[in-house]
Amino acid sequence: MKAKIPGELEMQVLDILWQDGDCSVSDIFGRLKLKRKIAYTTVATILQRLYNKGQVDREERTNHYIYTSHFNKKTYSLRLIKNFLNGLMNN
């Protein structure tokens with residue numbers, strides 16, 4: 001995975017997954033709406049994008065998905081730093 005610098009909302013979603021572990025879209029939406037005005041569909045879209053990037057895993061349940069972070073926070077942070085430094089060195 002080539003980690004790109006995540007957006008603010010992606011980081012908030014990842015932080016929730018790192019804190020809580022397994023979460024549904026509803027779980028994450030419930031946490032985020034306490035801090036900001038946000039639509040349920042926006043949270044679902046962010047999770048789908050993180051899944052497509054390989055940054056989260058998901059397990060299908062009866063009528064929804066359960067998401068988990070693919071990397072722990074330390075590993076993810078180290079990958080971001082490494083990619084950032086490699087980018088500086090290549091430019």
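This report walks through the fold of one predicted protein chain, from its overall layout to a few contacts.

**Ground rules.** Residues are numbered from 1 along each chain as its sequence is written, and side-chain values use heavy atoms, with hydrogens and water left out.

**Overall layout.** The chain has four helices and two strands, where helices (H or I, at least four residues) and strands (E, at least two) are DSSP runs numbered from the N terminus. The C-alpha atoms fill a box of roughly 45 × 25 × 20 Å along the principal axes.

How confident is the predictor? The average pLDDT (confidence in each residue, from 0 to 100) is 89, and 95% of the residues score at least 70.

| Helix | Residues | Mean pLDDT |
|---|---|---|
| α2 (highest) | 25–32 | 97 |
| α4 (lowest) | 73–90 | 80 |

**Helices.** Helix α1 (residues 8–20) packs against helix α3 (residues 40–52) at about 80 degrees, with the axes 10 Å apart. Those axes are lines fitted to C-alpha atoms over the stretch in contact, and angles run from 0 to 180 degrees between N-to-C directions. That makes α1 roughly perpendicular to α3, a label for angles of 65 to 115 degrees (under 35 is roughly parallel, over 145 roughly antiparallel, the rest oblique). On the α1 side, the contact (heavy atoms within 4.5 Å) involves Leu-9, Glu-10, Val-13, Leu-14 and Leu-17, and α3 brings Thr-42, Ile-46, Leu-47 and Leu-50.

Helix α4 has 18 residues and reaches 26 Å from first C-alpha to last, close to the 26 Å expected at 1.5 Å a residue (1.5 Å times one less than the number of residues). Asn-72 caps its N-terminal end, with a side-chain oxygen 3.2 Å from the backbone nitrogen of Lys-74.

**Strands.** Strands β1 (residues 56–60) and β2 (residues 65–69) run antiparallel, joined by five bridges; strands pair if DSSP finds at least two. A hairpin links them through four residues. Asp-57 has Thr-68 as its bridge partner, and Arg-58 stands opposite Tyr-67.

**Asp-22.** This residue sits in the loop between α1 and α2. Asp-22 touches Asp-27, Ile-66, Tyr-67 and Thr-68, leaving aside residues up to four places away in sequence.

Note on methods
A polar contact is a pair of N or O atoms within 3.5 Å; within protein, one must be able to donate a hydrogen and the other to accept it, and residues adjacent in sequence count only if both atoms are side-chain atoms. pLDDT is the predictor's confidence in each residue, from 0 to 100.
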